[in-house]
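Dear colleague,

I am passing on the structure below, and my notes follow it. Please read them with the structure open beside you.

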Amino acid sequence: MTISIVVVFGLPAVSAFIAYSDLSKELTFKARIKANAQKEMITTLPQTWMFAENRMQGILAREPVLLENEFVQIFDDQGNELTSAGEPIKGQYLQRSYPLYDMDRIVGRVVVSTSLSHVIHNTLVSSVFGLFVGALVLLVFWLLPVKKLRQLSTELSEEKQQAEATLQSIHDGVLRTDKKGSLAYLNPAAEKLIGHSFYELNGKNISEILTLIDDQTNSEVESALYKAIDTKKSASCQGRCSLISHDNRTIAVEEQAVPLLDNSGNLIGCVLCLRDVSIFRKRLQQQSWQASHDALTGLINRREFEERVAKAIERAQIEKRSGLLCFMDLDGFKIVNDTCGHNAGDELLIQLSRLISAQVRTSDSLARLGGDEFGLLLDGCDEERGRIIANSILSAVKNYHFFHDHKIHTVGISIGMTSVTSNSCKAKDVINEADSACYLAKESGRQRLCIFQDNKAELIAKRDEVSWVERIKSALKENSFSLYYQTYQTLSDLAGSRQHLEILLRMVSESGEIIPPGRFFPAAERYNLMPQIDQWVINKVFSEFHNIRADHSDSGLMVNINLSGASINSLELYDFITAKITEYSIDPTSICFEITETVAVRNLRAATDFINECKKIGIQFALDDFGTGASSFSYLKNMPVDYLKIDGNFVKNIERDDVDRAMTETINRIGHLLGKKTIAEYAENKTIIDILNEIGVDFAQGFGVCKPMPLIKT
């Protein structure tokens, strides 16, 4: 409509203006010509020219010839008409004049007039034509593109509203700037992060708005937005930046900057996205802490301890700075753990950890190496000072009393010490030296300190290992091993009705003492006896399988057997298993082998190949102690196991530790997403079992379900 109105009124207006201007110029030109024609006469008769009327009229008629509707007049300098030519104009007319000169003096003027009827006529014609063109334009624009423009305008408006609504509702802060980095837009999330509203910050440069610091150096860093502006490419700052808001809050953020370019590739602005990752980074730090610390005591774990020992060896070699390493083993802990239960044992370990920590320097590294074993790295410490620290630990533990269930329990500690010098090779070798000295301290009466000496340590270690090797070989030969079992409790209807039991191995001494595997497995692993032990267990279970199933009166029985890493790498194990299955007519689908996560990661390819071969004949597999490794989830997708056993360290404290519960829930959920059934170890009481049931774990295993019992009735 606007365009049509402009055409209707603009066309005649422009036409009238042009015609009027042309006519005005033409009259001015004629007036100048006629004035110049009179100039010669005025110069000749300066005093009497104004009386030469006939002569003036002759000149007016000739130069140039008068047209119809033109009227020419000559006036003197007083404004008196001297003569005229043509007929006076009636109606609307246009008049232009030009001065008459006598030399440089104006003595009169020539006035030329003409009618405006021609201009008015042309204007009317143009008005009619403009009206027609305007109507045509209106018709074209109305019927064709305007509707499309309206549709596009509506769509753009809707998209704009949706974009604004999205930006208003998302939790990430979004900032838009011009090409110089001055703020042009700020969504509510960004206002909340920064601590000011858009109206307070509009037009300010980003450097004035955002204060970003590096988490490691605590120094101020430039926003990724400027890099995006300079390079015209996306830029980011992830994993190390924090935002200092205007109200002095420190917020962990990730930046993502994207330049805005026009169709020609020229920079017109930039968009910066700020994501609050405080919770994520806190969890990441927590996971990092958990990877390097013992969950029960809060001390560093074996892996972190070994890394620190390795660094101490490097410093000793470079700086010639020696230190000491202590290996500590509690005396009498097993009695408390077995008589009072695992919870009491855990509490005892926690209290002793605090007690020992109070005896060492802040620069020392105290670690829980596993079970009731501790490691202590005294960096830059001489032997005299090390003896003082070790004796203070011996005294503190000796005088400590543990109260449980109205009873007092006492424990001791044996300490082995060795030097960390420039001659030290590997961290594990140094730890083994201290371990050997600790063992000698135990053999020498316990509750004492023993300094490592090459000749003694080697003799004791050799004698001890040879002793266990002979006892293991004798047990294999005389069948002095005994099998125990522990059943699972089914928690999920989707887990099926099949009964599961895990085979446990014990050694029976000549005196009838039941020896747990933790005492003889280290020697068996060192001297490569584990494959023989595994084969003994497989053969024993398979030979008694039908009796076992009869004793449990369940045709759907599933028997779980643990395999060691050495057996996984053994080429003849698969042939041995298939031969025994044929010999004893075993249904392979009733067998499930368990391998620990550590074994699986350390021998990933061999483990995967072995599992795939066994699964072809129907044998199932469980991944034991899942969650203890640093790269658990990275390989789980490609590990063809059927069951996932959640490590007991996460389960046993689940009733009072939210982090352990969250880890259990995460492992359970991921296991289910990958199509694997989950088993939770260390289900020590009904409360834990109820929590596991609530989480959705498929099976529970532990003292709260079933204590270890002899497998074969005698």
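Helix H12 passes helix H13 in a right-handed crossing (right-handed if the near helix is turned clockwise from the far one by less than a right angle, left-handed if anticlockwise; helices are DSSP runs of H or I of at least four residues and strands are runs of E of at least two, numbered from the N terminus). This is a predicted model, in which local features need pLDDT of at least 70 and side-chain atom pairs count only at pLDDT 80 or more, while totals for chains, interfaces and linings use all residues. Residues are numbered from 1 along each chain as its sequence is written, and side-chain values use heavy atoms, with hydrogens and water left out.

The axes of H12 (residues 342–357) and H13 (residues 383–398) come within 9 Å and cross at roughly 145 degrees (axes are lines fitted to C-alpha atoms, for helices over the stretch in contact, and angles run from 0 to 180 degrees between N-to-C directions). Leu352, Leu355 and Ile356 of H12 meet Ile393, Ala396 and Val397 of H13 in this contact (heavy atoms within 4.5 Å). By class, the contact has six nonpolar, no polar and no charged residues (Ala, Val, Leu, Ile, Met, Phe, Trp, Tyr, Cys and Pro count as nonpolar, Asp, Glu, Lys and Arg as charged, and the others, Gly among them, as polar).

An open sheet of five strands has the order S13-S14-S12-S17-S18, with mixed pairing (two strands pair if DSSP finds at least two bridges between them). Its edge strands are S13 (365–370) and S18 (449–451), each of which pairs on one side only, and the twist averages 20 degrees from one strand to the next. H13 packs on this sheet, touching S12, S14 (373–378), S17 and S18, and its direction makes about 165 degrees with that of S17. Within the sheet, S12 (residues 323–331) and S17 (residues 412–420) run antiparallel and are joined by nine bridges, with leucine 325 having threonine 418 of S17 as its bridge partner. Helix H14 (residues 427–443) lies across S12, S17 and S18, running at about 140 degrees to S17.

Elsewhere, strands S10 (residues 250–261) and S11 (residues 267–276) pair in the antiparallel sense over nine bridges, and glutamate 255 has leucine 274 of S11 as its bridge partner. These two strands form a hairpin with five residues between them, and glycine 265 in the turn has a positive phi of about 85 degrees.

Best regards
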